[in-house]
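Please read it with the structure open beside you.

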Amino acid sequence: MPEFNAPLRDLRFVLHEVFDAPAIWARLPALAERVDAGTADAILEEAAKVTGQLIAPLNRSGDEEGAQWCDGVVTTPAGFKEAYATYIEGGWVGLSGNPDFAGMGMPKMLAVQFEEMLYAANSSFALYSALSSGACLAIDAHASAELRSTYLPPMYEGRWAGSMCLTEPHAGTDLGIIRTKAEPQVDGSYKISGTKIFITGGEQDLTENIIHLVLAKLPDAPAGPKGISLFLVPKLLVNADGSLGARNAVSCGSIEHKMGIKASSTCVMNFDGATGYLIGEANKGLAAMFTMMNYERLSIGIQGIGCAEASYQAAVGYARERIQSRAPTGPVATDKVADPIINHPDVRRMLLSMKALTEGGRAFACYVGQQLDLAKFTEDADERQRAEALVALLTPVAKAFFTDTGLESCVNGQQVFGGHGYIREWGQEQHVRDVRIAQIYEGTNGIQALDLLGRKVVANGGAALRQFCAEVRNFAHHHEVPYGSELVVALERLETVSGWLLEHAKTNPNEVGAASVEYLHLFGYVAYAYMWARMAAVAEAKRSEDEDFYGAKLATAAFYFQRLLPRTLSLEASIRAGSTSLYELKAEHF
């Protein structure tokens, strides 16, 4: 059975050495007394044990058994319920939650590293608590004081779970056409009626209660997305004293039979006049739900990193042991009939691609986490505004680029195994199946690309982009860093392509959609170049302290700049080709 061991040394390198997170926390009053380097390391150590010893061993068995549905009841695979009980004892669901409601209040820079471990160990298991964390965030930001005090403590404790109910059979990306209705009641509650599909954790046997966040429309709601409201709908009604009451009129009609994440219940949920409570203002539910969706988009991006890390660990282990043919330069293992395949150039290409993309993504996730922490905790208004702008700009990049490269890495990991990679018991084919969904849910990667280019770049004339580029250029010019010139060249390519798109989008409405995916990838590779330049600068300064670790970082950085960053050349060519060729073929000729 494949094992997972959290890459603690690398996680600490990013957290402490590249970003100096403890120094950031020390200057933020809300975090200064709550977390320091020692606290963070202790949490990471314990997280490594929980994910590696408790949760990872259930990954393959959970995939084989899957979640089961019978007459509206969903049963998770053997061992999940017991593992979840142990998991919530450690307070992991509320790791970054509001301390006023039983959360631990840890910074996002630390939470993203825990999430990576969790997804690497067992993506299906991870999703149950990931949805809870996001639901808590939306409730905390938008719900009334009464709803917050009633629902948040048991949710952060993990006794109750959360779900996100958006999609309907006819309405996925276009939520403005949802049909679920909310009828006002004299007591201030609402009766919710409708059907939602693709609801992760909509029903399960891990928690006492499930709190559904449901998008619905009031009788007098305006048409389109401006008429959507958000409601809290508990599976079990909650009494005035906080105890659980009668079953609400909400049920699970079925679960989906999926390509991957089979131990995660993906449900069809039926609301038949269920009692619900308005969150935030009427007809402004989509904005409130985006608080949860943006959290989940970063989290799902991290699923791509986690699956890639797990696949990489397995691939490296296999490549060191599997002997086939001799190395091109002659025998390496002279005592054996052939050499380990890690000596072959193409195997090294695959492994180094996985390593460079995964470690680049890990650093970028921490960087986005830093912006989230600053946006939430800084007392400097200018710093907060800058961080919020970067979060908005970078979230679609993180979600889509992490998961696109995550699939690429998992496919490479499978390929390293050759025929064995296609066989179930080796584990690599499961990583490919599990990571594939991450490009689809929480807004498909095509939608993320449209959001980045259309809303975050073109709509504001590239203001946030210029802010990010100025930071990267300042780093490259004011620090004697390895690959500084290569970084600047890549940055200028991003800037000139952005300018070209801003100009052409004025006269051709197809240009944004035609270029968006390639543009997001171009942005992603430049962002990773920034991360690798920062990591290389630290590694070069500290190389004499630990040649093995820092030397490996520098070697991987060299591979990234020489073999992966040049992909931006073809991306630029594709973007500049424009949208004309996409529309020369008539629809009936496809």
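1. The model discussed here is a predicted one. In strand S3, which covers residues 160-165, six of the six residues are buried, so the strand is largely enclosed by the rest of the structure. Trp160, Gly162 and Met164 point one way from S3, whereas Ala161, Ser163 and Cys165 point the other way, and all of them are buried. In a regular strand the side chains alternate between the two faces of the sheet.

2. S3 pairs with strand S6 (residues 209-216) in the parallel sense, and the pairing runs over six bridges. Within it, Ser163 stands opposite His212 in S6; this is the Ser163 that is buried and points the way that Ala161 and Cys165 do.

3. Strand S8 (residues 236-238) and strand S9 (residues 244-247) pair in the antiparallel sense over two bridges, with Leu236 standing opposite Arg247 in S9. The two strands form a hairpin that has five residues between them, and Gly242, which lies in the turn, has a positive phi of about 90°.

4. Asn283, with a phi near 65°, lies in the loop between strand S11 (266-279) and H10, and Asn283 is partly exposed, with a relative accessible area of 23%. Ser325 likewise has a positive phi, near 65°, and its place is in the loop between H10 and helix H11 (345-377).

5. Which residues of H13 are buried? They are Gln428, Glu429, Gln430, His431, Val432, Arg433, Asp434 and Val435. Since H13 spans residues 428-436, this is eight of its nine residues, so the helix is largely enclosed by the rest of the structure. The buried residues of H13 pack against helix H5 (59-65), helix H10 (285-321) and helix H12.

6. Gln430, which has its place in helix H13, is buried, with a relative accessible area of 5%. When residues up to four places away in sequence are not counted, Gln430 touches Asn59, Arg60 and Asp63.

7. Two packed helices are described by the angle between their axes and the distance between the axes. Helix H12 (residues 381-416) packs with helix H14 (residues 445-458) at an angle of about 155°, and their axes are 9 Å apart. Because of that angle, H12 is roughly antiparallel to H14, and H12 passes H14 in a left-handed crossing. On the side of H12 the contact is made by Ala392, Leu393, Pro396, Val397, Lys399, Ala400, Thr403 and Asp404, and on the side of H14 by Asn445, Gln448, Asp451, Leu452, Lys456 and Val457. By class, these residues of the contact of H12 with H14 divide into seven nonpolar, three polar and four charged.

8. H1 passes H4 in a right-handed crossing. The contact is made by Leu8, Arg12, Leu15 and His16 of H1 together with Ala37, Ala40, Asp41, Leu44, Glu45 and Ala48 of H4, and by class the contact of H1 with H4 has six nonpolar, one polar and three charged residues.

9. With helix H17 (residues 510-542), H1 packs at an angle of about 85°, and the axes are 11 Å apart. H1 is therefore roughly perpendicular to H17. Here Phe13, Glu17 and Val18 in H1 meet Arg534, Met535, Val538 and Lys542 in H17, and the residues of the contact of H1 with H17 divide into four nonpolar, no polar and three charged.

Methods. Residues numbered from 1 in each chain as written. Predicted model: local features only at pLDDT ≥ 70, side-chain atom pairs only at ≥ 80, totals over all residues. Heavy atoms only, no water. Axes fitted to C-alpha atoms, helices over the stretch in contact; angles between N-to-C directions. Helix = DSSP H or I, 4+ residues; strand = E, 2+ residues; numbered from the N terminus. Parallel < 35°, antiparallel > 145°, perpendicular 65-115°, else oblique. Left-handed = near helix turned anticlockwise from the far one by under 90°. Contact = heavy atoms within 4.5 Å. Nonpolar A, V, L, I, M, F, W, Y, C, P; charged D, E, K, R; others polar. Buried < 20%, exposed > 50% of the residue type's maximum accessible area, 1.4 Å probe, protein only. Pairing = 2+ DSSP bridges.
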